[in-house]
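Keep the sequence and the 3D view side by side as you read.

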Amino acid sequence: MSFFDDVPELPERPRQPQPIRPGWFGPPSDELPGILPIGAFVYQSAHVVVALKMAEVYSTGCLLDLKWSVRRVDESAQEWRDILEQSFSRPGLPGINVGVSLADGSKAIASHPTPAMLEDTEDVSGPVLTHRGGGGGSAGDEQVEGSAQFWLWPLPGEGDIRIVAKWDELGVPESSVVLSGARLADVLGTVQNYWAV
């Protein structure tokens, strides 16, 4: 007889249905996104760079991948520590502010409140831009890098999207880059559902 033969079996647990998440909450969990490489500067100076690396396109929205880098110039040790702290903070608290402007004139800003903070989330119409994580990167005595992802819902229809960033503490004025709506539409055709077999 084995030592493990008398271990009792776990009781059968009732199967739980998958919770339904609203579209504004984040990307669908059953899709492989289409990838749109962008590689464009939202802002660029001798001291600070903010860039849009790429977009992951889903059937319901897109995940925007933003990166920033700050190069030390003549900041004191304390000033540099402050920059390091801001570089890894959640967008808008304070730090980098990010928003989008759509072709129809509507806009969304990745800050408070998000729909999850409101009482009635049944009738959210969008556009909604939410911070989906990131902030990781690297830091040293000469340079700091950070990144964040932003979920834009719903996927915009026709027309271009303007990605806007501002970072008062680092002297980054309101700056923007245009993301081609036609390119987003092209990549939408490459989205694959996990279970479409």
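Which residue takes a positive phi in the hairpin of strand 5 and strand 6? Gly 105 does, with phi near 95 degrees. Five residues lie between the strands of this hairpin. Strands and helices here are DSSP runs (strands are E, at least two residues; helices are H or I, at least four), numbered from the N terminus.

A word on the model. It is predicted, so local features need pLDDT of at least 70 and side-chain atom pairs count only at pLDDT 80 or more, while totals for chains, interfaces and linings use all residues. Residues are numbered from 1 along each chain as its sequence is written, and side-chain values use heavy atoms, with hydrogens and water left out.

Now the overall layout. The protein has two helices and eleven strands. Along the sequence they follow the pattern β-β-β-β-α-β-β-β-β-β-β-α-β. Buried residues make up 38% of the 197 residues. Buried means under 20% relative accessible area, exposed means over 50%, and partly exposed lies in between (1.4 Å probe, protein chains only). Among contacts between residues at least 6 apart in sequence, 61% join residues at least 24 apart. A contact means heavy atoms within 4.5 Å.

Return to strand 5, residues 97-101. Three bridges join strand 5 to strand 6 (residues 107-109), and the two run antiparallel. Ser 101 stands opposite Lys 107 there. Strand 5 also runs antiparallel to strand 9 (residues 161-167), joined by five bridges. In that pairing, Gly 99 stands opposite Val 164. Two strands count as paired if DSSP finds at least two bridges between them.

Strand 4 has pairings of its own. Strand 3 (residues 48-57) pairs with strand 4 in the antiparallel sense over nine bridges. A hairpin through four residues joins strand 3 to strand 4. Leu 66 in strand 4 is the bridge partner of Leu 52. Strand 4 is also joined to strand 8 by ten bridges, again running antiparallel. There, Ser 69 has Glu 145 in strand 8 as its bridge partner. Strand 4 is mostly covered: eight of its ten residues are buried.

The structure holds two salt bridges. A salt bridge is a side-chain nitrogen of Lys or Arg within 4 Å of a carboxyl oxygen of Asp or Glu. In one, the side chains of Lys 67 and Glu 145 meet at 3.4 Å, N to O. This pair links distant parts of the chain: Lys 67 sits in strand 4 (residues 62-71) and Glu 145 in strand 8, 78 residues apart. Lys 67 is partly exposed, because its relative accessible area is 30%. Glu 145 is partly exposed too, at 24%. Another salt bridge joins Asp 168 and Lys 166 at 3.7 Å, N to O. Asp 168 counts as exposed because its relative accessibility is 52%. Lys 166, at 33%, counts as partly exposed.

Next, look inside. In soluble globular proteins, nonpolar side chains tend to be buried together. The largest nonpolar core here has 39 residues. Such a core is a set of buried Ala, Val, Leu, Ile, Met, Phe, Trp, Tyr and Cys residues joined through side-chain atoms within 4.5 Å. Val 50, Leu 64 and Leu 129 have the most contacts inside it. Leaving aside neighbours within four places in sequence, Val 50 is in contact with residues including Phe 41, Leu 66, Trp 68, Ile 96 and Ala 165. Apart from this core lies another, of six residues, among them Tyr 58, Leu 63, Trp 151 and Trp 153.

Leu 152 is found in strand 8 (residues 143-153). Why does Leu 152 count as buried? Its relative accessibility is 0%. Beyond four places in sequence, Leu 152 is in contact with residues including Cys 62, Val 100, Leu 129 and Ile 161.

Finish at Thr 190, in the loop between helix 2 (181-188) and strand 11 (192-193). Thr 190 counts as partly exposed because its relative accessibility is 43%. Not counting residues up to four places away in sequence, Thr 190 touches Leu 32 and Gly 34.
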